[in-house]
Amino acid sequence: MSLGTLEEEDLAEYFRLQYGERLLQLLQKFPSIEEQSESPSIRLLEKKKEAQILHRVMEEKKETFKRKMESLNQRWEDLAVKEAQLKAHMQKFEQFIQENDQKRIRALKKANKERELKQLRVQELAKAKQEIVALRLKHQRLSSKLQAYSIFNKYLEKVVENSEFEEIQEVIARYKTLVSMNHDLMQSVQDGQEKIEHAKARLAHYMKEKGDEILQLNNQLAQLQMHYDRAHSNVIVWESRWAHIQNTAAKKTLLLGTIKMATLNLFQMVSKQLKDSPSVSLEDTHKQLDVIQQYIQDLSDILAEVKKKEQQQIRV
């Protein structure tokens, strides 16, 4: 509790504690009853005088204390004002610190952004320098090519002077046309070559098939010719042994029928391959064999002619 709010009883207790001991010491200075020789009136006057002096001293002390209390109260009020001012200053200072922090953060962000932007500009500048160097190199190469190709320009100018063309672009257009035509011709030649190769493959396949057929027919013809020669060479023997043949007629008739059937089958196969099938009796085995032999000979001639044409193409 502050001194400015002390109640009256507390003030009295304060004076008792502060000045009671002094009053006691002051009273002890007066002489005792035995030592007093003055009259009671004189002692009463002295006591009153001492009481007045003590009251005056007490009033002075009280006034001094009151002034001190007022001074203390004023100091407390001043301290309260200063405390409020200090709090206000502290709030302003904290607000200033916060604003400074925000400004510092914004400044740091701006600095970082500017640094990043600067790095980006430096990278773009380095890239632009590289592109400039590349463009310069390209320009040098193109200049070298232009200088090297200038002889062709002069040549084309002479061509224009000595020909029916009026401008170099017409010569270039004619050249492009000729190149395109050459490309088309080469494509046609390539297509024709592919067709020739395909035809050769088909011909080789056809010749292989017909060669196999000819080989098979030759084998059959050789067998038939062998049987025929054997039968023809043994005519005399068969005639001399007519009696024996008559005894074995069934077997020989079966063999002859087999030969005729084989010959007929071969003749029918050949007739299917021929466009104009000859009119031969089914019983005329000799003519059938002649037709077969002629067909085989024709196939052999065709094969020889094809091989001859292939050799001529190879030479070309």
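Helices here are DSSP runs of H or I with at least four residues, numbered from the N terminus. With that in hand, let us walk through a few residues of this predicted model.

**Helix α7**

Helix α7 covers residues 285-315, and Gln-288 lies within it. Is Gln-288 buried or exposed? Its relative accessibility is 0%, so Gln-288 counts as buried. Setting aside residues up to four places away in sequence, Gln-288 touches Thr-263, Leu-264 and Phe-267, along with Val-280, Ser-281, Leu-282 and Glu-283.

Thr-285 also has its place in helix α7. Because buried means under 20% relative accessible area, Thr-285 counts as buried at 14%. Which residues does Thr-285 contact, once neighbours within four places in sequence are left aside? They are Lys-260 and Thr-263. As for Ala-262, it sits 23 residues from Thr-285 in sequence, and the C-alpha to C-alpha distance between the two is 10.0 Å.

Turning to another helix, Phe-93 lies in helix α2, which spans residues 40-161. At 46% relative accessibility, Phe-93 counts as partly exposed.

| Residue | Relative accessibility | Class |
|---|---|---|
| Gln-288 | 0% | buried |
| Thr-285 | 14% | buried |
| Phe-93 | 46% | partly exposed |

Methods:
Residues numbered from 1 in each chain as written. Predicted model: local features only at pLDDT ≥ 70, side-chain atom pairs only at ≥ 80, totals over all residues. Heavy atoms only, no water. Helix = DSSP H or I, 4+ residues; strand = E, 2+ residues; numbered from the N terminus. Buried < 20%, exposed > 50% of the residue type's maximum accessible area, 1.4 Å probe, protein only. Contact = heavy atoms within 4.5 Å.
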